[in-house]
Amino acid sequence: MIELRHLRYVVAAAEQRSFRGAEKALRVQESSISRRIRDLEDEIGAALFIRSHEGVKLTYAGQRFLYRARIALDQIGHAVTDVGAIGRAEDGAVRIGILSSMASGFLAELFQAFDAGHAGVRLEFADGAPSDHFAAVRQHRLDVAFVTGDPALTDFDVTQLWTERLFVALPSHHKLAVLSEVDWPDLRGQPLVFGEARTESDIGDFLVKRLVEAGDRPMVERHSVGRDSLMQIVSLGRGLTLISEAATAMHFPGVVYRPLLGEELAFSAVWSPRNENPALRRMLSLARKMSEARSPSAPIGAPVFSKQKST
């Protein structure tokens with residue numbers, strides 16, 4: 001069987017025009033080079049070199065073999081370079097499932113920082129429900145999913161990375177707009193609207209549960225619309241909604257945001273322990289470092305993510 005070293009021996013002998021020259025170039029004994037090339041000639045059934053006291057000279061078959069051998073070595077060199085770049089997270093891709101807005105906050109900062117250090121790595125994003133993301137991660141169609149809460153999953157690695165304050169989105173002419181913060185009693189009796197985005201649905205369920213626990217019977221409307229259309233519904237005075245802090249970077253005419261007193265939503269990264277994507281590992285390492293560096297008391301408009309556990 002032809003081995004990679006056989007190709008190198010032929011190329012070196014041809015370039016040096018002697019097995020002795022190849023010995024110096026490759027730091028392999030001349031006798032070993034000569035023997036291996038003879039074995040190769042026997043295997044392929046053609047002489048590659050004419051041997052003489054003056055050295056070696058390529059036969060016609062040797063010239064054809066040398067041409068192909070150089071191409072093969074070049075391709076192998078490119079393959080090693082490409083794979084090495086992927087191993088160093090200089091190339092490749094990370095496929096990411098998201099729920100939270102990337103307009104600002106932790107995810108925006110994470111992806112910007114990762115891109116600055118790994119510009120050759122493609123970031124591919126997908127929206128979806130947590131159950132869809134978990135299935136995609138399990139099947140290696142996604143490398144990682146960023147989801148709300150700290151899900152108890154036995155076949156995944158899970159790390160809670162950051163929290164975001166919850167904000168009430170309300171019409172600018174609403175009576176609650178004069179407040180600097182909104183408390184739970186302020187929301188009693190207020191109509192609520194929610195869209196189809198999974199994060200907003202999770203927040204909506206949380207809000208309704210808290211109001212019911214407080215003895216309220218909230219009026220809830222759910223619309224099959226995205227965030228832009230939902231905010232238009234809010235601006236028309238059809239109801240209030242809740243959003244995470246990252247989403248407050250997006251401004252809509254006639255809509256203002258007020259923090260909900262003392263309420264935060266946790267977010268976690270979920271990935272398969274069998275995923276050996278080097279770029280994913282670099283991203284997760286960066287995410288942990290950013291999580292540990294977050295200040296728990298940052299003001300609105302600045303990073304506000306507290307230190308969280310990491311695995």
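**View 1. The largest nonpolar core of this predicted model has 39 residues.** The residues with the most contacts inside this core are Leu110, Val144, Phe146 and Leu187. Both helices and strands give two or more residues to it: the helices are H5 (105–117), H7 (198–213) and H9 (278–293), and the strands are S3 (92–98), S5 (144–148), S6 (157–171), S7 (191–194) and S10 (255–271). In soluble globular proteins, nonpolar side chains tend to be buried together.

**View 2. Surroundings of Leu187, one of the residues with the most contacts inside the largest core.** Neighbours within four places in sequence are left aside here. Leu187 is then in contact with Val168, Leu176, Val182, Leu207, Leu211, Asp216, Leu240 and Leu260.

**View 3. A second, separate core of 19 residues.** Among its members are Leu7, Val10, Ala14 and Leu58.

**View 4. The two sides of helix H2, residues 19–26.** Phe19, Gly21 and Ala22 are buried. These residues lie on the same side of H2 because they cover an arc of only 150° around the axis. Arg20 and Lys24, on the other side of H2, are exposed. The buried residues of H2 pack against helices H1 (4–16) and H3 (30–44), and also against strands S1 (49–52) and S2 (55–58).

**View 5. The two ends of helix H2.** At the start of H2, the backbone nitrogen of Gly21 has a side-chain oxygen of Ser18 within 2.8 Å.

Note on methods. Residues are numbered from 1 along each chain as its sequence is written. This is a predicted model: local features need pLDDT of at least 70, side-chain atom pairs count only at pLDDT 80 or more; totals for chains, interfaces and linings use all residues. Side-chain values use heavy atoms; hydrogens and water are left out. Buried means under 20% relative accessible area, exposed over 50%, partly exposed in between (1.4 Å probe, protein chains only). Helices (H or I, at least four residues) and strands (E, at least two) are DSSP runs, numbered from the N terminus. The arc is that of the directions from the helix axis to the C-beta atoms. Contact means heavy atoms within 4.5 Å. A polar contact is a pair of N or O atoms within 3.5 Å; within protein, one must be able to donate a hydrogen and the other to accept it, and residues adjacent in sequence count only if both atoms are side-chain atoms. A nonpolar core is a set of buried Ala, Val, Leu, Ile, Met, Phe, Trp, Tyr and Cys residues joined through side-chain atoms within 4.5 Å.
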